[in-house]
Amino acid sequence: MMANRLWYRQPAARWTEALPLGNGRLGAMVFGKVEEELIQLNEDSVWYGGKLDRSNPDAAAAMPRVKELVMEGKIAEAQHLARKAFTPIPKYAGPFQPLGNFNMWFTGQNGKVSDYERSLDLEKAAASVSYQIDDKVYRRELFISAVDQVLVIRLTCDQPGAVSFYSQLSRRPFDPGSQPIGQDGIVMSGQCGPEGVIYAAAFRVAAEGGQTELTGDFVSVEGADSVTIYIAAATSFRHADPVTRAKKQLSDAIQKGYEQVKRDHLADYARLFSRVSLQLGEKQEYIESLPTDERLRRIQAGEADASLEALYFQYGRYLLISSSRQGTLPANLQGIWNDNYQPPWECNYTININLQMNYWIAEAGNLAECHEPLIDFVERLCENGRRTASELYGCRGFVVHHNTNIWADTNINGMIVRANTWPMGGVWLALHLWEHYRYGLDRSYLNDRAYPVLKEAAQFVLDYVTMDAAGQYVSGPSVSPENKYMLSNGEVGYLCMGPAMDTQLIQSLFVAVLEAARELEDEGLLKATVEHQTFIASVHEVASKLPRPQIGSSGQLLEWQQEYEEPEPGHRHISHLFALHPGELITKHHTPELANAAQATLEQRLAAGSGHTGWSRAWIVNYWARLHEGEEAHRHLRALLSLSTNPNLFAEHPPFQIDANFGGAAAIAEMLLQSHKEELQLLPALPAEWSCGIVTGLRARGGLTVDIKWSNNKLMKASITGTEDREICMRSAERLYISLDSALTNIPAGDRAEQTMISGGQALKGIESADGASWLYKWSLAANLCYTVQIANE
């Protein structure tokens, strides 16, 4: 029995039962069929069509008039004009598409199948299939190496000379045909639509024993003892000659040999995955020994299974490692796994929540390197977005709307005004660069990469906002993503000025800009030039006159500048709670009135049916975690598993979208550890069902790594290690005992000032909060020393 393992007693009957493999760039879905195996393939840069300028030639001229109409309250007229003038030409960009299929037909395996097992080992990033026919036991092992950039399939049998099959590549209905690679391989190459990428998929077979031959575009093996198949792919997005590149990847892997390729894969992958371990609740060996689909059905029937929730967390980390590695494109709406040539929403990068949610687990889940593809992508968006900001809005800086694609398109996309007329995508994405810094504290990165993007996002905002009649700076024309409101005359509106989410994003951006500038100034990396001082003064000026959060007649946080009747009171987007999560403008201890309003908003939306999509439910779990409502967070985590999860644990919108996998994993981390608002909190939203457990390797803002152990729903012990000397603040509902790890206290006296503060078994005194509900502890953390935290003995 293995905790971090998915397994099944039967092959996959449909795509959302197949098991995903990936190395960030190359992806595969393994069905595990017996007589005719299907492995569906993806490569992250196989997108239909090329880079296009899709801007509507009338958009720039119409933008001031649309804003004027919205400010005059002529909403319907503004929306009609926006649809005509802002809809791009063509209306939508090309989709992410499959690379193709790899099929194997096995011969000599016609008897009765017994002892079938199909599994995915998250600790090795390897899938396996095993079964018995008559007296022979057949095994398959599959993994995708990030080191050697190949998919490896190993076929064995416990009896010699029993491995026989034939195989080919196909891409129906866009199959360009195949060409041989010697006598042991095939390459398939074509173009993904007009001006689209040129792709190549190729495989070669290395058999031990038996005979290998080529017939047409099939490679067959007869009577081998074992066989290793290597599959590679490349596109013109990265390489001038994809066919040559794919062939070289194959020849390099074959020359290296299966055993070394596997060893290097395991070492490379374990370097990332093994950083974090999680156990939730008491061990239940019988439940944990059941197949994954049976365990999921138990959850759906209302049974408890805390260890499946822990598996879901680690599965989210596995999926991020598998779909987002250094040098790859970021994970899209389906990560890298897609079997549809016309996928929902083009399988693109939707940035009014979905792309951002994909990366919520990256930092806390100790996978900072996996965040880098998004950071690289934001820098490309910044480059293209400068032109869009200038031409469409007449603004400095850069802008991105609610959708983009492989080409980092920053124009308005699509013809649904309640979604597309939202220029805050760049603001939100810029905050991801700030979060990456807050966890890692790399000043060079902050200076060279993060701050320039933050500054340009802020420059756009400074030019874009308008002062309203109340003397407030408001954004617009904009929307509260995809939601709508009812006007007093019965008309439905969505265009508006100053929706709450926009203001929260802008305020969060300005906080980040000012803090980043201050840190760079302190380090001597940012000079106080006239231009810089003018910019900072403008940020302060606009920030001081942003609208304040408003509370409605039912105690809820208002989504727009005034209270409207809502046509969809249970709308899936609850965007105006951005300030609660992932933002930190609303917190339970610092802004209790707004936290209560956020809770009222959640309760009202949920009562009306919100959370019916997987990603929406995942965001709701994070909201409840930030409110420290562990039971509510856990109730919605259970709902995510029971209502929006497939047998292979892929999340459902529906259809399949991977964002909820990442958002759900991030929510579990948020229930166990929070570090926003410059405060560390251990077990802030622990549900009763997780009465005991241990987590190691979680990361917190401030360059911290944290291990936590608890029992009877109480903290037993935690350890905190930092990367640099700094002050740390911890909030706790109970008095704590904090000391240096005994194994590290043998340093010479005086080398660390902290020894005089935390040593000799003395508990650090905390400051009781004004409401008596929590304690605050502050101390100077020394780099690379481990501090232990326990409940204080009264």
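User: Let's start with strand 26, residues 693–700. How many of its eight residues are buried?

Analyst: Happy to. Keep in mind throughout that this is a predicted model. Six of the eight residues in strand 26 are buried, so the strand is mostly covered.

User: Which strands does strand 26 pair with?

Analyst: A general idea to begin with: in a regular strand, side chains alternate between the two faces of the sheet. In this case, strand 17 (residues 277–280) is joined to strand 26 by four bridges, and the two run antiparallel. Within that pairing, Gln279 stands opposite Ile694. Strand 27 (residues 704–711) also runs antiparallel to strand 26, and six bridges join them.

User: What should I look at in the hairpin of strand 26 and strand 27?

Analyst: Look at the link between them: three residues lie between the strands, and Gly702 takes a positive phi near 100 degrees.

User: Which residues of helix 3 are buried, and where do they fall around the axis?

Analyst: The buried ones are Pro242, Ala246, Gln249, Leu250 and Ala253.

User: Last topic, cysteines. How many disulfides are there?

Analyst: In general, a disulfide is a covalent bond between the sulfur atoms of two cysteines. Here, with a cut-off of 2.5 Å between the sulfur atoms, the count is zero. Take Cys347, which is in no disulfide: the nearest cysteine sulfur belongs to Cys192 and is 12 Å away. Cys382 is in no disulfide either, its nearest cysteine sulfur being that of Cys395, 14 Å away.

User: Are Cys347 and Cys382 buried or exposed?

Analyst: Buried means under 20% relative accessible area. Cys347 has 0% relative accessibility and therefore counts as buried. Cys382, at 3%, counts as buried because of that value.

Terms used:
Residues numbered from 1 in each chain as written. Predicted model: local features only at pLDDT ≥ 70, side-chain atom pairs only at ≥ 80, totals over all residues. Heavy atoms only, no water. Buried < 20%, exposed > 50% of the residue type's maximum accessible area, 1.4 Å probe, protein only. Pairing = 2+ DSSP bridges.
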